[in-house]
Amino acid sequence: MSLCLVIDEMHPSLPDYMQEIGVQLHYRPDLRAAEVPAALAAHPYDGLMVRSKLHVTAELLRHGPQLRYVARAGAGVDNIDEAAMAAAGVTLLNAPEGNRDAVGEYAVGLLLALFRNIVRADREVRAGEWRREANRGEEIGGKTIGLLGYGHMGRAFAKRLSAFGCTVLAHDHDPTVAADHHATLVSLPELQERAEVLSLHIPYSAANHHYVNEELLLGFRNPIWLLNTARGEVLDHTALVQGLQSGHVRGAALDVLENEKLAALTPEQQARFTYLATAPNVVLSPHVGGWSLQSYQRINEVLAQKIGAFLRHEADGLTIR
């Protein structure tokens, strides 16, 4: 029987899913990141299942020479050194299919909150203020929504936007990305020419660090509303604050930040965060776009299916890469 070490909290359905595919779990969410190398060395684990507690590096993989796969319980793999994985012959499996619907719905919620001043209005009413005209908002219908990145998350958002009577444009640098009937694939210059809303759906990588910077934002013909449910590091927050201050960014809804450890911000990050936290046209949330009760279990289901397929193919001498 295959043996897998799980080092993060997972939905309680995981053991049943894994038992069905013949995988025994050592469920150790109590492990600290520093304790994982020793745990890997102590048993002949075939697999390692992680969320975001741990960075999977070449050094870590040396402690588990028998590893055949690493399963990331979620979509983003920015905490995993894919080059080191390939060099070690370890397969990376992740589960964007598990939380894409949650992200798609949440992005709609953020856009509505931003357009209709829902968060601000709620605070005002709680404070005894009844300001109707000041909270007159925008409708999604008739707008041109631009998506940067058209993978699982971008497509899930576009699918839900199709009910609002808006135009959805998407740009993806991957030439193999196919269009569908929910969005029109366009070049980046066309996206910048036409979009009134920019929603970020690109993964974080060294190449994508601050991909959305001052130059890119100033390239939009229209003042834009900006949504980020991807990764905070793909957005230059200095450029964002400058855009908000100048009016070139009309408002922002951010589920992710440049540094999500709010107790450990640098002075420069703290200054930017203070501005964002007090701006009336900014909505913030703690990286929960993909965190629904349904996605919590669905991620287990997706990972179990992928691990099962990997093990079957490997047994047939057709290892998935």
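UniProt positions are given in the numbering used here, and annotations may be inferred rather than shown by experiment. With that in mind, the UniProt record, an unreviewed entry, lists residues 108-289 as "domain: D-isomer specific 2-hydroxyacid dehydrogenase NAD-binding". The model itself is predicted. In it, the span 108-289 is 34% helix and 16% strand. Its end C-alpha atoms lie 10 Å apart.

The record also lists residues 5-314, again from an unreviewed entry, as "domain: D-isomer specific 2-hydroxyacid dehydrogenase catalytic". Over residues 5-314 the chain is 39% helix and 16% strand. Here the end C-alpha atoms are 19 Å apart.

Now take a helix pair. Two packed helices are described by the angle between their axes and the distance between the axes. Helix α10 covers residues 237-246, and helix α11 covers residues 267-278. They pack at about 40°, with axes 10 Å apart. Angles under 35 degrees count as roughly parallel, and 65 to 115 as roughly perpendicular. The pair α10 and α11 is therefore oblique. Their crossing is left-handed. From α10, the contact uses His237, Thr238, Leu240, Val241, Leu244 and Gln245. From α11, Arg272, Tyr275 and Leu276 take part. By class, the contact has 5 nonpolar, 3 polar and 1 charged residues.

Turn next to histidine 210. This residue sits in the loop between β9 (197-200) and α9 (214-218). Its relative accessible area is 27%, so histidine 210 is partly exposed. Setting aside neighbours within four places in sequence, histidine 210 contacts Glu233, Val234, Leu235 and Asp236. Phenylalanine 164 is 46 residues from histidine 210 along the chain, and their C-alpha atoms are separated by 30 Å.

Notes:
Residues are numbered from 1 along each chain as its sequence is written. This is a predicted model: local features need pLDDT of at least 70, side-chain atom pairs count only at pLDDT 80 or more; totals for chains, interfaces and linings use all residues. Side-chain values use heavy atoms; hydrogens and water are left out. Axes are lines fitted to C-alpha atoms, for helices over the stretch in contact, and angles run from 0 to 180 degrees between N-to-C directions. Helices (H or I, at least four residues) and strands (E, at least two) are DSSP runs, numbered from the N terminus. Angles under 35 degrees count as roughly parallel, over 145 as roughly antiparallel, 65 to 115 as roughly perpendicular and the rest as oblique. A crossing is left-handed if the near helix is turned anticlockwise from the far one by less than a right angle, and right-handed if clockwise. Contact means heavy atoms within 4.5 Å. Ala, Val, Leu, Ile, Met, Phe, Trp, Tyr, Cys and Pro count as nonpolar, Asp, Glu, Lys and Arg as charged, and the others, Gly among them, as polar. Buried means under 20% relative accessible area, exposed over 50%, partly exposed in between (1.4 Å probe, protein chains only).
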